[in-house]
Amino acid sequence: MIGTPSKDDMEVDIVKESDEISLMRNSILDCVAKSDGFFKSQQVGEIDLTIAEKREIASNLLGRNVPLFLQRYWKYIKLEDVPFFDSHQADYEVNFYLTEIRKNHNCRSNKVRVRNRRYEALKKMVEEGKYFSDAEMRKRSPFLYDQLIGQHLTENERISAYKEQHKDQKFSSFLMDQLERNQENYLFECQKDEDEAVVEEEDDDTEEESELEEDIPTSRTVTEQEKTLLRNEFTNIMYENFLAGKDKDFDYSSVDNNVEYDSVHQRNLDEEEKYFDEDTEF
């Protein structure tokens, strides 16, 4: 038989709850004080508020007007500190901003989850060696490939790369390759035009810089070390393009909505969240 909690036990629970509330309050004020939120009107040239001054202003506002505090600073409050406002949830305005905090957290969580899934997919595709092979990356970004890699290849390297790409090729696949090559050439010209347009818009070089550039040889043989650096730069750009969702012909839904790309740790977290969400429905 479970006994009735003693007075001492109840007092201990009250102290623990009070400590938790105090910790959440401090966490909220610390985050707000370090934010770029509004604290008070200042004159031009007036010295910026210190973090301690911001914290004091926020603390005073939190003590006298919770709805206004949330109106100003809800974007800076962490999800784990939301229970601090439980006693104010009857207030419509307070409840509105607490809902916004949860939505904001879910949005950021989803973005992180998508980014992580794409990263896991990237690692898998790099290991498989197809999608991020030279040939495939060149198809997606022929102009960038030529600028960073292609133009620096020796004739023998070009021949070797061509032979490697077309070994064991049948006539039907040869025709398909010709079509892809035509598409690649078209894409090259489009990307080249885009690059030239950007250069024209950003043509802010000084006369001294122009004169300096005239003294630099227009063409020279790059070293093997430079080739490696350029190749790494190209590859990293292609990785970032994939992670940012810029590969137009890739079906990102096959990755973004695929739990198979979640890490074991992430799956455990999702299961915990699902469990607690279901538990709160009862």
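Axes are lines fitted to C-alpha atoms, for helices over the stretch in contact, and angles between N-to-C directions run from 0 to 180 degrees. Helices are DSSP runs of H or I with at least four residues, numbered from the N terminus. The model is predicted: local features need pLDDT of at least 70, side-chain atom pairs count only at pLDDT 80 or more, and totals for chains, interfaces and linings use all residues. Residues are numbered from 1 along each chain as its sequence is written, and side-chain values use heavy atoms, without hydrogens and water.

**Exercise 1.** Determine how H4 and H10 are oriented to each other.

Solution. Step 1: the axes of H4 (residues 92–128) and H10 (residues 224–243) come within 9 Å and cross at roughly 135°. Step 2: angles under 35 degrees count as roughly parallel, over 145 as roughly antiparallel, 65 to 115 as roughly perpendicular and the rest as oblique. Step 3: H4 and H10 are therefore oblique.

**Exercise 2.** State which residues make the contact of H4 with H10.

Solution. Step 1: contact means heavy atoms within 4.5 Å. Step 2: H4 supplies Arg115, Arg118, Tyr119, Ala121, Leu122, Met125 and Val126, and H10 supplies Tyr239, Glu240, Phe242 and Leu243.

**Exercise 3.** Describe how H3 and H4 are oriented to each other, and list their contact residues.

Solution. Step 1: the axes of H3 (residues 66–73) and H4 come within 9 Å, crossing at roughly 25°. Step 2: H3 and H4 are therefore roughly parallel. Step 3: Val66, Pro67, Leu70 and Gln71 of H3 touch Glu93, Val94, Tyr97 and Leu98 of H4.

Technical notes
Helix = DSSP H or I, 4+ residues; strand = E, 2+ residues; numbered from the N terminus.
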